[in-house]
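Dear colleague,

Please find below the sequence and structure for your study.

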Amino acid sequence: MKNRTVIFADDHHILLEGLVSMAESNGMEVLGTAPNGEEVLKLIHSKGAPDYLVLDIEMPGGKDGITTAAILKKKYPHLKIVILSMHKEKEFIRKTLQTGVNAYVLKDSGSHEILQAFEALEAGKSYIDAKMSASLLQEDNDAAHPLLSPREIEIIRLIAEQQTTSQIATQLHLSKHTVETHRKNILFKLELKNSAGLVKYAIKNGII
């Protein structure tokens, strides 16, 4: 993360100090901090848009994190925004991400979670706090792929990554026979003939 710029916005001074220390110790340049949305807008107007903006979702004044993010995304569509929040409701997280922000991190997570978010954004991906991403993914899989079990979806992903039966068995702590049985069941359920068709299905249906 060296040479990347960041701005932090939160109304808790102690938290801000910790975030600044974390960023600077990882070679990032902190352009400034702000206690609310209004000050964020002023700061970016004077300093320019950073590579990353970390916003508390609940701040005093007329502009909370979501409102501030929406304003900035219109003017700086490539600005990567990380939302900090205490809210763990899955629907709330989904709605927040739909506003265009790039990452959602829980406030009770460690600073390493923000660094992981930065790394994901650097790679062009979005990011959801590890405490929530697994359950959100499971809900989405259940809704989008009712024929498939969580284990089968996991195996499809590994097959799409070109892992062999032995490698999948080792990673999932299963026998090779069990993995091969899962593979046959998946092909049967999806009415596919081989792994190539399975990879195409995975891509088409957003499994990978």
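Two strands are said to pair if DSSP finds at least two bridges between them; helices (H or I, at least four residues) and strands (E, at least two) are DSSP runs, numbered from the N terminus. Tyr104 lies opposite Ile128 in strand 6.

This is a predicted model, in which local features need pLDDT of at least 70 and side-chain atom pairs count only at pLDDT 80 or more, while totals for chains, interfaces and linings use all residues. Residues are numbered from 1 along each chain as its sequence is written, and side-chain values use heavy atoms, with hydrogens and water left out.

The open sheet consists of 6 strands in the order 2-1-3-4-5-6, with parallel pairing. Strand 2 (29–34) and strand 6 (127–128) are its edge strands, each pairing on one side only.

Helix 2 (residues 37–47) packs on the sheet and touches strand 1 (5–9), strand 2 and strand 3 (52–56), where contact means heavy atoms within 4.5 Å. Helix 5 (residues 111–122) also packs on the sheet, touching strand 1, strand 3, strand 4 (80–85), strand 5 and strand 6.

Finally, helix 8 (residues 165–172) and helix 9 (residues 176–190) are roughly perpendicular to each other, a term that covers angles of 65 to 115 degrees. In helix 8, Thr165, Ser166, Ile168 and Ala169 meet Lys176, Val179 and Glu180 of helix 9.

Yours sincerely

Key
Axes are lines fitted to C-alpha atoms, for helices over the stretch in contact, and angles run from 0 to 180 degrees between N-to-C directions. Angles under 35 degrees count as roughly parallel, over 145 as roughly antiparallel, 65 to 115 as roughly perpendicular and the rest as oblique.
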